[in-house]
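The following exercises concern a single protein model. Please work through each task before consulting its solution.

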Amino acid sequence: MGIFAMARNVATRVWKDQRGQGTTEYAILVGVLVVLAIVAIIAFRGKVAELWQAVSDGINSL
């Protein structure tokens with residue numbers, strides 16, 4: 001068997017093997033969620049700071 005035939009056989013097996021497909025999809029999903037969380041934190045930074053200050057003031061007034 002020549003080197004090209006062996007390479008073709010390996011490529012065919014790798015292409016048909018879908019065991020890692022689910023893991024890859026979950027990794028992409030987690031990556032998208034992390035990016036969305038960062039964007040939300042940046043977009044609502046002022047509101048979060050106001051909320052944090054209100055909570056802090058409420059605790060300090062006890």
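**Exercise 1. Secondary structure and confidence**

The protein contains 3 helices and 0 strands, where helices (H or I, at least four residues) and strands (E, at least two) are DSSP runs numbered from the N terminus. The model is predicted: local features need pLDDT of at least 70 and side-chain atom pairs pLDDT 80 or more, while totals for chains, interfaces and linings use all residues. Residues are numbered from 1 along each chain as its sequence is written, and side-chain values use heavy atoms, without hydrogens and water.

Task: state which element has the lowest mean pLDDT and which the highest.

Solution. From the N terminus, the order of elements is α-α-α. pLDDT is the predictor's confidence in each residue, from 0 to 100. The protein averages 84, and 85% of the residues score at least 70.

**Exercise 2. Helix α3**

Task: compare the span of α3 with the expected value.

Solution. Helix α3 (residues 45–60) has 16 residues. The expected span is 1.5 Å times one less than the number of residues. From first C-alpha to last, α3 reaches 22 Å, close to the 22 Å expected.

**Exercise 3. Exposure**

Task: determine whether Ile-28 is buried or exposed.

Solution. Ile-28 lies in helix α2 (residues 21–43). Its relative accessibility is 54%, so Ile-28 counts as exposed, the cut-off being over 50%. Across the protein, buried residues make up 0% of the 62 residues.

Notes: Buried < 20%, exposed > 50% of the residue type's maximum accessible area, 1.4 Å probe, protein only.
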